[in-house]
Amino acid sequence: RYEDTLVSHAREHNVGFESLRRANPTVDAWLPGEGTEVVIPARFVLPQAPRRGIVINVAELRLYYFPERDGSRVITHPISIGRMDWATPVGKTSVINKRANPSWYPPESIRAEHAARNDPLPRVVPPGPDNPLGKHALYLGLAGYLIHGTNRPSGVGMRVTHGCIRMFPEDIEALYSMVPAGTEVHIVNQPYKVG
C-alpha cells in the first residue's frame with residue numbers, strides 16, 4: 001500500500017528493520033511505493049550455541065528461545081542491541097529477575113549523555129508511556145543489562161540502544177510469560193552461520 005514503510009512491514013511480519021532492508025536493497029525504506037514487491041526474510045539458520053534457554057545473536061539482531069530442555073522447538077524474535085559506542089556484551093548469563101511495569105533508573109553515563117544534549121533525565125522514570133523499558137523487563141546477571149520492551153518500537157531491528165536488548169512490546173510480553181527466572185542466556189556474535 002502507499003502508506004507502508006519497511007518499518008511497518010518489519011513489525012507486521014516480526015522481522016527486524018535491518019534484516020528487511022538488507023533483503024530489499026533497491027527498495028526505498030520510507031517510501032517503497034504502492035505495489036512494490038517486498039521480500040520478507042522468514043527463515044533462519046540457528047546460531048552455534050546451546051539449544052536451551054535464550055540465545056541472542058547480536059550480529060543478526062535476533063533472539064532465539066528454546067522452551068523445551070531438548071531444544072526441539074524454537075521461538076524467534078527481532079531485537080535491537082547497543083550502538084557501536086554502547087556495545088551489547090557477549091557471554092553467558094541468566095535471567096535473574098522479571099518485572100512487569102518496571103521503573104527505569106538511568107545510569108549516570110546515560111544521564112550525562114542526555115544532559116549534554118540539553119535533554120535531562122530524572123533519576124527514576126516511572127512506569128508509563130515515557131518509560132523506554134516498556135511494560136516488561138527481564139533482568140540479566142550482567143549488571144545493568146536487560147531484555148525489555150520499548151516505547152519506540154520503530155527502532156527494533158537496529159543498533160540503537162545503550163547495550164540492552166530491546167524487543168517489540170508484543171514479543172517481550174509473550175517471552176516474559178514463558179521465561180522463568182534462572183533461564184540461561186547465551187549472547188553470541190556470529191555474523192556468519194552455516195546450516
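At 52% relative accessibility, Trp30 counts as exposed (exposed means over 50% relative accessible area, buried under 20% and partly exposed in between, with a 1.4 Å probe and protein chains only). Phe17, with a relative accessible area of 6%, is buried. The model is predicted, and local features need pLDDT of at least 70, side-chain atom pairs count only at pLDDT 80 or more, and totals for chains, interfaces and linings use all residues. Residues are numbered from 1 along each chain as its sequence is written, and side-chain values use heavy atoms, with hydrogens and water left out.

A pair of aromatic rings is described by the distance of the centres and the angle of the planes. A search of the whole structure finds one aromatic pair. The ring centres of Phe17 and Trp30 are 5.7 Å apart and the planes are at 25°, so the pair is stacked. Rings of Phe, Tyr and Trp (its six-membered ring) pair if their centres lie within 6.5 Å; planes under 30 degrees apart count as stacked, over 60 as edge-to-face and the rest as tilted. Phe17 lies in helix 2 (residues 17-23) and Trp30 in the loop between helix 2 and strand 1, 13 residues apart. Helices (H or I, at least four residues) and strands (E, at least two) are DSSP runs, numbered from the N terminus.

Eight strands form an open sheet with mixed pairing, in the order 3-2-1-10-5-6-7-9; two strands pair if DSSP finds at least two bridges between them. Strand 3 (75-78) and strand 9 (165-166) are the edge strands, each pairing on one side only. Strand 5 (residues 91-100) and strand 6 (residues 136-140) run antiparallel and are joined by five bridges. The bridge partner of Arg99 in strand 6 is Ala137.

Two charged side chains are placed over rings. The charged end of Arg99 sits over the ring of Tyr139, 4.8 Å from its centre, and that of Lys98 sits over the ring of Tyr176, 4.6 Å from its centre. The criterion is NZ of Lys or CZ of Arg within 6 Å of the ring centre and within 35 degrees of the ring normal.

Val185 is placed in strand 10 (residues 184-188) and, at 0% relative accessibility, counts as buried. Neighbours within four places in sequence aside, Val185 is in contact (heavy atoms within 4.5 Å) with Ile54, Ile56, Gly91, Lys92, Thr93, Ser94, Val95 and Leu140. Val185 and Arg52 are 133 residues apart in sequence, and their C-alpha atoms are 8.5 Å apart in space.
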